[in-house]
Each structure stands twice: as structure tokens, then as C-alpha cells.
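Subject: Structure handover and notes

Dear colleague,

Please find below the structure that I promised to pass on to you. My notes on it follow, arranged by topic so that you can read them beside the coordinates.

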Amino acid sequence: MTEICEFNKHYMDVRLDFGEKNDNPEISVDLAQFKYAIFLALKSLHGEMGCSVPVDVLKYRSEDRRAFIRIPSKELVKVWSALTLFSLYEGLDCMFRVYKVTPLLASLNLNSNIYKHKEKEKCTD
């Protein structure tokens, strides 16, 4: 008998990016402003129904405007699409970069770029 494990929550690693021309330390976004940007993204694409999606910011770094957020799994597509299409915050062009999406919180901390892969030995015939 096969059991299927369904996840209730998904986690996303996202960053609010203002692009190269505006990428300077003068653009600071605190936690409340970051959450408001997510709220605006959901509202602009999905209207009042988008505003009702619960989004929890678990960890936020203000120096690079990057966060781990938690959302209900059934709302994943709605949140991801809203963040992808968001393009204007307080008169500045911007975008959300989505680095990782996973149903397991511990997976957000993994980085495959730090692993050193061994080269496969050449086969001789």
C-alpha cells in the first residue's frame, strides 16, 4: 500500500530586487514594507481574494531584501504568480526573484553550489 504525503505549507526563498540602475544601499526596505510589497503583489493580480492569502515572513534580511516566507500549499501558484508579475513598488521598477520553493523548511538552507562533485572516471573499452 502506497501512502501519499501531502504538505500543508510551502516555503519560498524570495528577494525584492530593484535592478542594477537602482541597486544602491540607499533603497532600504524594512520588514513591514517587504510584507506590504507582497500584499500589493497579491492584490494587484488577484484582487481582494489575493489579500486574504496568509503569508508569514519567517526570516528577513534587510541588507539585501531577501526573506524566507511560508504560505499554504493550496495558495502556492497564486502567490508565486503574483510575485513573478509584480513590477512597481513606490514608483520604482522592481521584481521579486524566487530562488527556491519547497514543502520542507530545512531544504531552504541547502545549497548545492557548495558541494564538490567528483569527475567520473573515463571508461576504457
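In what follows, a residue is called buried when its relative accessible area is under 20%, exposed when that area is over 50%, and partly exposed in between. By that scale R70, with a relative accessibility of 26%, is partly exposed. Please keep in mind throughout that this is a predicted model.

The sheet and its helices

The strands β2, β3, β1 and β6 form, in that order, an open sheet of 4 strands with antiparallel pairing. Because β2 and β6 stand at the edges and have a single partner strand each, one side of each of them is left without a neighbour in the sheet. From one strand to the next, the twist averages 25°. Between β2 and β3, which run antiparallel, there are 5 bridges, and K59 stands opposite F68 of β3.

Two helices pack on this sheet. Helix α1, which covers residues 31-51, touches β1, β2, β3 and β6, and its direction makes about 130° with that of β2. Helix α2, residues 76-85, touches β1, β3 and β6, and its direction makes about 5° with that of β1. T84 belongs to helix α2 and is partly exposed, because its relative accessibility of 48% falls between the two limits given above. Although T84 and M95 are 11 residues apart in sequence, their C-alpha atoms are 7.1 Å apart in space.

Salt bridges

How many salt bridges does a search of the whole structure find? The search returns 7 of them, and I describe some here.

One of them joins D17 to R97, with the closest N and O atoms 2.6 Å apart. This pair links distant parts of the chain, since D17 lies in strand β1 (residues 9-17) and R97 in strand β6 (residues 95-102), 80 residues apart.

R61 is partly exposed, with a relative accessible area of 33%.

Aromatic rings

A pair of aromatic rings is described by the distance of the centres and the angle of the planes. Across the whole structure, the search for such pairs finds 4. The rings of F34 and Y60 have centres 4.8 Å apart and planes at 40°, so that this pair counts as tilted. It links distant parts of the chain, with F34 in helix α1 and Y60 in strand β2, 26 residues apart.

Are F34 and Y60 buried or exposed? F34 is buried, at 0% relative accessibility, and Y60 also counts as buried, because its 19% lies under the limit of 20%.

The aromatic pair of Y36 and F39 is stacked, with 6.0 Å from centre to centre and 20° between the planes. These two residues are 3 residues apart in helix α1, and are therefore separated by about one helical turn. Both residues are partly exposed, Y36 with a relative accessible area of 42% and F39 with one of 33%.

Ring pairs also link F34, Y60, F86 and F96 into a cluster. Finally, there is a charge over a ring: R66 lies over the face of Y99, at 3.8 Å from the ring centre.

Methods:
Residues numbered from 1 in each chain as written. Predicted model: local features only at pLDDT ≥ 70, side-chain atom pairs only at ≥ 80, totals over all residues. Heavy atoms only, no water. Salt bridge = Lys/Arg side-chain N within 4 Å of Asp/Glu carboxyl O. Buried < 20%, exposed > 50% of the residue type's maximum accessible area, 1.4 Å probe, protein only. Pairing = 2+ DSSP bridges. Axes fitted to C-alpha atoms, helices over the stretch in contact; angles between N-to-C directions. Contact = heavy atoms within 4.5 Å. Phe/Tyr/Trp six-rings, centres within 6.5 Å; stacked < 30°, edge-to-face > 60°. Lys NZ or Arg CZ within 6 Å of the ring centre and 35° of its normal.
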